[in-house]
Amino acid sequence: MAEEVKLFRNWSSPFALRIVWALKLKGIEYETILEDLQNKSSLLLQYNPVHKKVPVLLHNGKPILESLVILEYIEETWKQHPLLPEDPFEKATARFWARFNDEELLPSIRDASTKQGKEQEEAIVQVEENLKYVEEKLKGNVFFGGETIGYLDLAFGWLANLVSVLEEVTGLSLTASGKFPLLSAWMQNFSDAPVIKECWPPRDKLIIKYQAMIEKYTAVAAPK
Amino acid sequence: MAGGDGVKLLGYWASPFALRVEWALKLKGVEYEYLEQDLQNKSPLLLQYNPVHKKIPVLVHDGKPLAESLVIIEYIDETWKQFPLLPQDPHEKAKARFWAKFADEKCVPAILGTFTKVGEEKRKAANEARENLKTLESGLEGKRFFGGETIGFVDIAAAWLGCWTRIAGEIVDVKLIDEETMPELCAWLENVLEAPIIKDCMPPQDKLLEHIKGGIHKMLMAAAST
């Protein structure tokens, strides 16, 4: 049966990148629809009227939204190269940590990068606490998925390139300090893995993008 | 299920997140031991089982703890197959996960803002809440429940929202779930709150009213002092 798989994404979204990785790891053929988020296509707005965001996966004309929800859909639809553990408890644990990334870790790193003064100090403390948990998760494993890349590696995957970009742009030291050796090793291993390696957005473009974003936040916060 | 320590649920009587886990367990007829927690004075057990968030609910199955109510509900659905909560079809399942997430991440904060902020911020929050609730209504797709003919994952995830919003609305005199503008959502709320197990598990409404009143008062005081 001819399957029609399309992915709406933009050049830099780490959430959309999760889906690219999942599709490539499973060897699924798909068409990319590259969006300009300043000028969203009518198709994107039609398929994701609620959030108007990327990524959107379109499978045989039906849209699936929200990156972690899309990952689970891909896992359930294409059984090769399983990304989630079979065991329900292990699976639930992976889901818990993916939510931790999206709801705790990522916002704390965003705050540490964009806030000033006392708020920034507090955010940095929070980032360290959060990273300690992630470090703990890696004990005894090369990847969060065990011997091979899995769902949780894809969820945490954005760390492997964006942390160093943010460190360069802000001058902060989040993992560069060497405080999290297992995490740093994972970031290297994940980055270098065959499918993952070929998908990273260009670093120089990312530096420019995050530089601009942080300048915008700093300008807003600065006293007039 | 033989062996192990069985199923325990660490909860709090007024927590809607613990409530929705109880709904899942009861709908599936799973036997469990309920352990009421004192949230002002957290037990070593709670801190041991949920060191990351230190929150309830925590489900402990054969000695293994799980936190985050929607993660717990999916685990329950996968472990006990009777009375399935999520649809079988992957696309329908994805839609259910999407709506549960939307209710938690978009509806809840706006509704909370409506009842705990003042002035212009309150007005904005109320408008956003109404918009989001109207969007949530579209997820019903004309069905009786989000799960179709029977209660499902999204119904369990969102039912508390309707109840709490109604109670808070009476306290603060703001009606968010309006019959005129959201007739289907209103009907859904009536149906789901009357459903046998959903209704039986609800905390006593008078106690809940006092609890919510206290919570709103505290948050309004905090808003007034900033």
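A salt bridge is counted here when a side-chain nitrogen of Lys or Arg lies within 4 Å of a carboxyl oxygen of Asp or Glu. By this rule the count comes to 32 salt bridges over all chains of this predicted model.

**Salt bridges**

Side chains of opposite charge can pair when their charged atoms come close. One such pair joins B:Arg20 to B:Asp104. B:Arg20 belongs to helix 1 (residues 16-27) of chain B and B:Asp104 to helix 4 (residues 90-116) of chain B, so this pair ties together parts that are 84 residues apart in sequence. Another pair, A:Glu72 with B:Arg97, has one partner in chain A and the other in chain B. The table gives the closest N and O atoms for both pairs.

| Salt bridge | Closest N and O atoms |
|---|---|
| B:Arg20 with B:Asp104 | 2.8 Å apart |
| A:Glu72 with B:Arg97 | 3.4 Å apart |

**The contact between the chains**

Between chain B and chain A the count is 7 salt bridges. The contact takes 27 residues from chain B and 25 residues from chain A. Together the two chains bury about 2400 Å² between them, and 67% of this is on carbon and sulfur atoms. On the chain B side, the residues that lose the most area to chain A are B:Val52, B:His91 and B:Phe98, which together make up 25% of what that side buries.

**Backbone features**

Most residues other than glycine have a negative phi, and most peptide bonds are trans. Three places in the model depart from this pattern. In chain A, the peptide bond from A:Val54 to A:Pro55 is cis, with omega near 0 degrees. A:Pro55 sits in the loop between helix 2 and strand 3 of chain A. In chain B, the bond from B:Ile56 to B:Pro57 is also cis, with omega near 0 degrees, and B:Pro57 is in the loop between helix 2 (44-49) and strand 3 (58-61) of that chain. A:Asn60 has a positive phi, near 50 degrees, although this residue is not glycine. A:Asn60 is placed in the loop between strand 3 and strand 4 (62-65) of chain A.

Definitions and conventions. Residues numbered from 1 in each chain as written. Chains lettered and ligands numbered in written order. Predicted model: local features only at pLDDT ≥ 70, side-chain atom pairs only at ≥ 80, totals over all residues. Heavy atoms only, no water. Contact = heavy atoms within 4.5 Å. Buried area = accessible area lost by both parts, 1.4 Å probe. Helix = DSSP H or I, 4+ residues; strand = E, 2+ residues; numbered from the N terminus.
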